[in-house]
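Please look over the sequence and the three-dimensional structure below before reading on.

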Amino acid sequence: MIGEIAHFLSLSASALLCMVLIFNLFFAFAEEHANQLILSLKLFNQACWLIFISFGMYVYLAIIDDFSIAYIANHSNSQLPIFYKVTSIWSAHEGSMFLWIVFLTLWSIFFINFLKKDHPLKKLTLLILSLIILGFLLFLLLTSNPFERILPFGALEGADINPVLQDPALAIHPPMLYLGYVGFVVAFSFITAFLLHGNFQLQWEQDIRKWSFVAWIFLTVGITLGSWWAYYELGWGGYWFWDPVENVALMPWLAATAFMHSLFASSKSNILKTWTMFLGILIFALSLFGAFIVRSGIIDSVHSFANDPERGLYLLSFSGLITLLALGIFAYRLPQLNSSKLVVTGSKESFLSMNNILMMTAIFSIFLGVTYPLIIESMSGEKVSIGPPYYNTIFSPLILITSFFIMISVEALWQRSLPIRAVAYSVLPTIFFASISVYIIWIYTQIFSMLAYVGIFSGLLIFYSYFFRTINNFFKKRYINKGSAIAHMGLGLLFFSVSMNSILSYEKNINLFSGQSERINESIQEFMFKDIKVYPASNHEVISAEVFILQDQKKIFLNPQKRQYMTRGQITSETAIHATPLKDTYLTIGDQLENGSWTFSLKINYFVKWIWLSSALMVLGISIAMFKKKLT
Amino acid sequence: MLQVRRNRLWKFLTILILSAGGISLILFALNSKLDLFYTPSEMLEAEIQPGYRIKLGGMVKIGSIEKQGTAVNFLVTDFKKEVPVTFDGITPDLFKEDSGVVMLGYFLDGIFQAEEIFAKHDENYMPPELSLEESSE
């Protein structure tokens with residue numbers, strides 16, 4: 001019964017949204033009625049609340065194990081802790097789409113009610129938000145109904161959640177990511193409303209700045225959590241695989257980063273305004289593209305949900321429609337928008353726009369990398385895949401040029417040309433860090449890797465530029481933009497630690513009998529396989545190895561495990577990690593051979609902690625920048 | 001007027017040439033860095049240069065898995081032809097006989113040297129080509 005009520009509430013919400021749209025479209029171009037906006041807003045808010053209540057009931061259904069609901073029966077289990085019963089809702093397509101819509105609604109209701117009562121763009125924004133929510137709500141109810149019952153009798157027991165997903169990091173990774181993706185609906189709808197409205201004297205940057213920053217933070221945290229989970233759970237020792245689904249998350253992230261930068265220039269000096277608008281539209285369009293790639297199953301990836309052409313077609317048409325409408329209005333208004341001001345060569349804006357272009361190039365390259373296999377397959381029938389080598393080739397020159405512009409822009413001023421001495425100042429550090437990087441590469445690697453070299457050099461250069469500037473300004477008691485400095489230092493650290501990780505890390509496969517030990521290398525004096533134990537746990541059986549490692553004169557005990565889950569029969573490996581600030585000792589257990597010995601995979605991963613740290617620094621920097629009163 | 005137009009033309013041409021250059025560089029990178037996907041019979045027919053990185057997909061032949069130390073040897077088949085594969089390391093949890101497998105590596109002296117074996121999250125995974133053939137048979 002509760003299921004039907006929840007279903008009915010969602011349907012009513014879409015009916016209300018329909019009413020908002022019809023009501024306004026019929027009267028929008030007639031004379032303005034005073035109560036029109038108030039009424040639409042009321043209807044909109046009620047629709048939003050219906051969606052929230054409906055989702056709340058759905059969560060309740062998952063908690064009380066209502067296995068007559070097909071989705072819950074397929075993805076949950078009565079043995080699960082309550083936490084995972086709730087998170088099982090977003091472990092597959094229908095439920096996660098529901099969550100996606102709830103977040104979309106959440107951002108919309110907050111934004112529209114925070115906007116000033118008589119803001120001239122309020123009505124148009126409301127309409128665009130209603131249209132978007134309605135479109136996705138109908139998608140959910142028509143093509144992927146989470147409320148579907150198993151008739152006439154429900155299942156007695158649920159089929160269980162995939163064990164690799166029973167993990168706290170992965171439980172909160174999708175919500176964070178979705179909050180980030182859909183958060184850019186604010187910028188999208190407001191910019192589109194501004195373009196539709198046609199009064200270009202209005203200021204729009206301040207109204208969406210904080211919202212976009214918060215969305216960016218969620219997106220960054222979401223991506224980092226996913227990467228962290230992959231690192232310790234999948235047992236491959238990697239944290240980023242250039243998987244299509246990772247790529248479709250990276251594209252809106254890059255666009256959002258470019259957007260935040262040009263938002264500064266746009267509100268400061270009215271230049272780059274059109275460009276900023278374009279980016280604002282692009283971020284949400286890329287988020288929708290991501291949803292299409294993941295949910296249509298068009299690309300084979302570890303993340304993709306079941307292949308369903310009907311869903312793909314709906315998503316593609318609706319996302320395409322929204323994007324084309326927004327871009328169409330943008331193109332139509334473009335001649336009226338051209339600002340008379342030009343970017344001064346050598347000013348902060350000029351470097352900023354250069355980096356914007358580079359980020360666009362990066363987005364375009366990733367986009368091609370994601371879609372190229374599809375294009376090739378549909379044209380020649382050949383199956384190809386694009387892996388890390390492509391992205392490495394593309395990114396090394398981009399990162400190199402970007403870091404130069406970042407370094408120079410630290411000294412540059414808004415709207416004024418750069419003093420020559422600033423360029424002169426940067427010659428020395430450039431030479432210095434170029435030689436240091438050559439030295440590092442020379443010592444630690446046999447084969448010269450362009451990407452690693454570029455990464456180390458750029459990372460050090462960016463970090464140094466901001467660090468030096470901050471210290472310098474602090475002593476001279478000059479203004480420091482703390483947020484920007486911290487975020488950029490985070491970026492420098494990210495380039496540096498990713499590159500160091502790639503050149504220093506190594507792995508070794510080991511085959512030992514229980515009780516046997518082996519010397520691995522200078523640093524790992526002893527690797528001893530002490531014992532293996534098999535014992536049952538709540539819903540799985542555990543094979544646990546006891547390993548003793550003598551590393552750098554320190555004793556380490558590790559317990560890598562294998563788990564066999566009873567309901568699905570699935571086997572998962574649990575990695576044992578011993579972490580120090582500099583390196584992680586990362587051990588997974590393999591199979592038992594016929595002669596009774598066991599195989600292990602030992603990986604020494606350097607600078608992994610630093611990668612998470614750099615992501616945290618970027619989030620911290622943006623948070624500081626967000627709480628500043630005005631754009632500076 | 002003429003000067004303005006000429007300037008605009010130059011600007012336009014510069015942007016055009018630069019973006020064309022950029023795009024061709026990206027396409028070049030794409031074409032040189034992509035991994036082609038083969039089934040065992042396709043790979044044997046295609047006469048791939050030794051050491052050239054490809055993706056090979058098929059089924060692990062029943063009873064062919066052999067483990068020696070940390071090395072794993074097995075045969076991968078598409079039910080027409082089979083190719084011996086060698087891999088050093090720990091195979092993914094879902095790697096087992098008579099199930100689908102995709103590997104990245106190169107073909108050398110009649111043996112496919114796998115550098116990576118891909119774990120599929122779905123235990124019933126099969127390379128699309130094979131599942132098509134099986135259902136049509």
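A residue is called buried when its relative accessible area is under 20%, exposed when that area is over 50%, and partly exposed in between, as found with a 1.4 Å probe on protein chains only. By this scale Asp35(B) is buried, with a relative accessible area of 4%, whereas Arg53(B) is partly exposed, with a relative accessible area of 26%.

This is a predicted model, in which local features need pLDDT of at least 70 and side-chain atom pairs count only at pLDDT 80 or more, while totals for chains, interfaces and linings use all residues. Residues are numbered from 1 along each chain as its sequence is written, chains are lettered from A and ligands numbered from 1 in the order in which they are written, and side-chain values use heavy atoms, with hydrogens and water left out.

**Salt bridges**

A salt bridge is counted when a side-chain nitrogen of Lys or Arg lies within 4 Å of a carboxyl oxygen of Asp or Glu. Over all chains, a search of the whole structure finds 15 salt bridges, and the table shows some of them.

| Pair | Closest N to O distance |
|---|---|
| Glu205(A) and Lys273(A) | 3.0 Å |
| Lys67(B) and Asp591(A) | 2.8 Å |

To place these pairs, we use helices (H or I, at least four residues) and strands (E, at least two), which are DSSP runs numbered from the N terminus. Arg53(B) lies in the loop between helix 2 (40-46) and strand 2 (54-60) of chain B and Asp35(B) lies in strand 1 (residues 34-38) of chain B, so this pair ties together parts that are 18 residues apart in sequence.

Elsewhere in chain A, Glu4(A), Asp66(A) and Arg149(A) are linked in a network of salt bridges.

**Nonpolar cores**

A nonpolar core is a set of buried Ala, Val, Leu, Ile, Met, Phe, Trp, Tyr and Cys residues joined through side-chain atoms within 4.5 Å. The largest such core has 213 residues, and those with the most contacts inside it are Phe136(A), Phe527(A), Phe600(A), Met103(B) and Phe112(B). Helix 10 (residues 244-269) of chain A gives the largest share of this core, 14 residues. A second, separate core has 13 residues, including Trp229(A), Tyr231(A), Val608(A) and Ile611(A).

Here contact means heavy atoms within 4.5 Å. Leaving aside neighbours within four places in sequence, Phe112(B) is in contact with a set of residues of chain B, among them Met43(B), Ile54(B), Leu56(B), Val83(B) and Met103(B).

**Where the chains meet**

How many residues does the contact take from chain A and from chain B? It takes 37 residues from chain A and 28 residues from chain B. Buried area is the accessible area (1.4 Å probe) that two parts lose on being put together, summed over both; between chain A and chain B it is about 2800 Å², of which carbon and sulfur atoms give 61%. Across this interface the rule finds 1 salt bridge, and Lys67(B) forms a salt bridge with Asp591(A). On the side of chain A that touches chain B, the largest share, 6 residues, comes from helix 13 of chain A.

Ser365(A) is found in helix 13 of chain A and is buried, with a relative accessible area of 1%. Leaving aside neighbours within four places in sequence, Ser365(A) is in contact with Tyr390(A), Ile394(A) and Ile26(B).

**Two further residues of chain A**

Gly280(A) lies in helix 11 (residues 273-296) of chain A and is buried, with a relative accessible area of 0%. Leaving aside neighbours within four places in sequence, Gly280(A) is in contact with Phe188(A), Ile191(A) and Phe259(A).

Lys583(A), in strand 10 of chain A, is buried as well, with a relative accessible area of 13%.
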